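Q: I am new to this structure. Could you show me how to read its parts and the places where they touch?

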Amino acid sequence: MAETVTITIDDRQIQAAPGEMLLWAALDNDIYIPHLCASREEAHPTASCRLCFVEVEGRPAPVPACTLPVTEGLVVKTRSPQVDSLVAMGFELLMSNHRLDCKNCSANGNCELQRIAKARKLRLKPKNLPVLDKNLPVDDSAANIVYDPNKCVLCGQCVRACRKSGNGTLGFARRGYLRVVTTFGGVPLGESNCTNCGACVKVCPVGALAQK
Amino acid sequence: MSNHNAAAAAAFAKLQEEAQKDWDRLREKPLILIGAATCGRAAGALNLLEEVKNELAELKLDANVLEVGCMGHCYAEPIMVIYNEGFPAICYGYVTEGVGARIVRDYLTEGDPGIEFALAALEPNDMFPTFADFPRGIHENKIVLEQCGFIDPQNIDHYIATGGYVALTRALDMTSQEIVTTIKESGLRGRGGAGFPTGIKWQTCLDAPGTTKYVICNADEGDPGAFMDRTILESNPHLMIEGLAIAARAVGATKGYVYIRAEYPLAVERVALAIEQARSKGLLGDNILGSDYSFDIEIFQGSGAFVCGEESALIASMEGEPGIPRHRPPFPAQSGLWGRPTVINNVKSLSYVPHIIKNGAAWFTGIGSEKNPGTAIFALAGKVVNTGLAEVPMSTTLNELINDVGSGIAGGKKFKAVQIGGPSGGCLPESAMDTPIDFDSLTRAGAMMGSGGMVVLDEDDCMVEIARFFLDFTQQESCGKCTFCRLGTKHMLDILERITKGQGKPEDIDTLTQLAAKVKAGSLCSLGKTAPNPVLSTIKYFRDEYEAHINEGRCPSKMCKDLIAYYILPEKCERSCDACVGSCPVEAIGDNEDRIKVIDQEKCVKCDSCMVACPPQYKAVVKLSPPHLVEEKDREYREGKQKWQKQ
C-alpha cells in the first residue's frame, strides 16, 4: 500500500513517501542536514532557522530541505559551495547571538549547535562577526526550570512543546533583533502558569532551557 | 444570466442618469475645488476651505465649494481650482492664508482671475498655458490618477458621472474566465512591488478548489517617502472598490477586505464612506444591481507593521496572529485567509482593473513597454523641486521623471542619487539616469520598482548615512523570525553605524558585501531578501564615499555629525554681527582677540544653528571634514596674522 518515490541524495538512491519533506527523508536514511526549527508534526514548516539548505538539481538557488516535498526523481546534494557558504553564514549569525559557555552548559555534549559545528567543520566562536550579547536576565524563578534567553536561538521548539504538552506558557514576543521567547506579559516563569512539566527542556536543542 | 444582467444594465443606467444630473448641477454656478487630501491638509487646505467659504458668505456670492483629493502637485499645496464662466478653468497653487479669499473676491466680483497665482489652466485656451504645456505634462499619462483632485471623493455620484462603475456593470456580463483572460492579456503586473502578473495570480485563485474565496486590497503602504496608495484612497476610493469587486467576480469571491494601516485615518474614513455609499446604491452587497452576483467589502485596520505588507504576514495579521510571514508555497492564491484561496492585490493594481475592463487589454498594452505595460505611479520626494505624485508610462527614463516631471534639484544643488523602491530599493547615480522606469530595468540597475517611492538625493546627502537610514528602518521592521533577516541586518546596521561615526575598518566593506549577499539569498521573505539593496547599491556606485569615511575619517557630503566640525572663516566673519552667538544653544561661540567669532569645538553640538543664522551676505560658517581640519585652519590663521604683523 505504501507507495514510495525514489530520490537521490548525495548520489545515494533512497525511497521516501511522496510529499514528505526532504529533511525527514534524509534524516531517516542517516543523511544529516543541519536544522534547528523543523518539526515533523508541524503541518506547515516554520523554515525560520535557515540552516537546512540543500542544492536541488534544476533550481538556481539552495532550498531549505524542511520545505521541499519529495517527488519521483528528485536529485539533491546536501553539500555544495553555495550551500556550505550559506549555512556557514547562517550558523555564524546564530553563534554571534548565542552566549557561548559550553563548559558550564547543561547541553554540553548533547547540543545541536555543537553537532552542526562538528558536521560542517564550523567554529562555534564567530570568526568575522562581533558577538552580540543581549545580556538579558537568566530566569531561575521556576521550581525545576532555568531559562537563559541569551542562549536561545529562537527555533521555537519549546513554544510548540509547551502548547502541546504543557500549559501554553511560552510564546514569541517583540520584533526583529528583540524577538524573544517569553511568557505572556513577560513575567518570570515562576510567576506564570508554567506547570514545570519540563516538555520545553526536553526539546530545547541548545541548553537555553535546562533542568535545575 | 443575461436576463439578470440586462436588468442590471438598466438599473445602472438609472444611477448614471441621477449622477449626471448631480454633476451637471455643480457647474450651474462658479465651482471651487480645494485639494484636501493629507498633503493639502498639512499645507493648510482646511483653513483655505474655511476662508473661501467665509469670503463667499461675506460677499453673498453663490458658488459650489468642494473638498477634493490630490492632483499630484503636492509641492504647490494648498491648491485651488476655479471653474467660472467666461474663462478657462484655472488651477492655483501655493494658496496661502489671505490669498484664497483674494482670488475668490477678485475673480467672482471683478472678473480678475488672478493669474499671478495660477499654476496652469485645465483646458487649452489662448490665455494661459495648461499643464500639458509644461515638461511635466508632456510625460504624464494619467490613468489611475485621472480623477484625483477633480471629483469629490465623498460623493459616489461624481465617480459614476465620470465613468465609474461602468466596468463593474460590464463585468457582470462576463464570465470569471473572461475577466481573468482580459487581465492576463493586458499584461498587468502587480504594483505592490514585485511585479507579479496579476492575471496569473487571479487564474491560480480561480482554478483553486473550494467555493469560499477571498479578495484583499493591500493598502498597507509603509515605505518612507511613499504616499501613492494613501493619495489614491483619499482622492478616489471608488476606483479601488470597483477594482476589488471585479477581482472578486473574476475569482469567485463574495467577500473582500481592505487591509489598510490605521496611520491613514483620512483614507480609512473615506474608504469606509465610499463602501457605504456603494452599498446604498446597490453596487455592493447582495445581488449587485439586481444581478445574480453578490459581493461585499469590509475594512481591516492594520496597526502599521511594515512587514504586514507581505502577503502571508498580512493574512496572519488578519487571522489574529502576529504579522509574521510564512514559507510560501502554498501561495495565498491557493491557500490564503483562513486557508481559503485568496487574491491579494495592491491599491494601484486594483485601480487599473476598471480601466482595463472598460477600455480593453489592447488599450493597456499600448501604453508603456512590451513586458511592462501601463503606467508607473511615483511619489517624488526628497530634494526634487516638484514633489508629489506623478503617473507616467512605463519606460519613461529616470532623467525625464526627475528633471522634467520633478523639475530637477531644489536650491541649485547638484544631483547625487535617486533612491527608488522604498527602503529595500536601491540608490542609482547620475550615470544610471537613462534607465527606463520599469520592473526589469530597475532591478538590473540594482534598484527596484517597489511600490513607487522615489527619494531624490543631492550633494549634501551622504550615501553611507542614507544606506544606514534605510537599513535602520528595515532592521527595526524585520519580524525577527528568520536568522538572516534578524541577525544579518543587525550586524550590517552595526557596521554602517560604526562607519558613519568614523570607526570603520578597512575590511568592513567586504564584510558588508558578504553579509548582504547571504541575507539576500538566505532570508525567508522579501523583506529580508531585499533589505540589503540600499547597502549593495551604494557600495556599487559610491564606494569612494565608504572609503573616505573608513580611511580618512572624512564624510565627503559633510553630513555625518561625528566626522564634521563647524568653523567660522575669519576672513568672512563680520565682527560686529552676533547672529551666530545668539543662535547657539550651548554658548559655544565667542570672540577671539580680534573680535572674530570662534567656535569652541568641545562645547559645539553640531546643531547647524550658526550656519543657518549666519547672514547670507557673509556665509562665514562652514563645515569641515574631517574635524581636525579646524586645527589646520587655526594654524593658518595665526601664521597669516604673524606675517601681517611683521610687515
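Q: What should I know before reading the numbers?
A: This is a predicted model, in which local features need pLDDT of at least 70 and side-chain atom pairs count only at pLDDT 80 or more, while totals for chains, interfaces and linings use all residues. Residues are numbered from 1 along each chain as its sequence is written, chains are lettered from A and ligands numbered from 1 in the order in which they are written, and side-chain values use heavy atoms, with hydrogens and water left out.

Q: Into which domains is chain A divided?
A: Domain bounds come from an automatic or database domain assignment. Chain A has domain 1 (1-133) and domain 2 (134-211). Their centres, taken over C-alpha atoms, are 24 Å apart.

Q: How many residues does each of these domains bring to the contact?
A: Contact means heavy atoms within 4.5 Å. Domain 1 of chain A brings 20 residues and domain 2 of chain A brings 16 residues.

Q: What area do domain 1 and domain 2 of chain A bury between them?
A: The size of an interface is often given as the accessible area lost when the parts come together. Here buried area is computed with a 1.4 Å probe and summed over both parts. For domain 1 and domain 2 of chain A the area is about 1,600 Å², with 50% of it on carbon and sulfur atoms.

Q: How many salt bridges and polar contacts are there between these two domains?
A: A salt bridge is a side-chain nitrogen of Lys or Arg within 4 Å of a carboxyl oxygen of Asp or Glu. A polar contact is a pair of N or O atoms within 3.5 Å; within protein, one must be able to donate a hydrogen and the other to accept it, and residues adjacent in sequence count only if both atoms are side-chain atoms. Between domain 1 and domain 2 of chain A there are 0 salt bridges, and 9 residue pairs are in polar contact, both residues being at pLDDT 80 or more.

Q: In what order do the strands of the open sheet in chain A stand?
A: Strands (E, at least two residues) and helices (H or I, at least four) are DSSP runs, numbered from the N terminus, and two strands pair if DSSP finds at least two bridges between them. The 5 strands of this sheet in chain A run in the order S2-S1-S5-S3-S4, with mixed pairing. S2 (12-16) and S4 (63-64) of chain A are at the edges with a single partner strand each, so one side of each has no neighbour in the sheet. S1 (residues 5-9) of chain A pairs with S2(A) in the antiparallel sense over 5 bridges, and Val5(A) is opposite Ala16(A) in S2(A).

Q: Which domains of chain B can I look at in the same way?
A: The assignment for chain B gives domain 1 (18-134), domain 2 (164-366), domain 3 (377-552) and domain 4 (564-646). Domain 2 and domain 3 of chain B bury about 2,100 Å², and carbon and sulfur atoms give 71% of that. The rule finds 1 salt bridge across this interface. Arg189(B) forms a salt bridge with Asp440(B), with 3.3 Å between the closest N and O atoms.

Q: How many residues of chain A and of chain B take part in the contact of the chains?
A: Chain A gives 27 residues and chain B gives 32 residues. Together the chains bury about 2,400 Å², 66% of it on carbon and sulfur atoms. Arg50(A), Leu93(A) and Arg175(A) supply 25% of the area that chain A buries against chain B. The count of salt bridges between the chains is 0, while 12 residue pairs are in polar contact.

Terms used. Buried area is the accessible area (1.4 Å probe) that two parts lose on being put together, summed over both.
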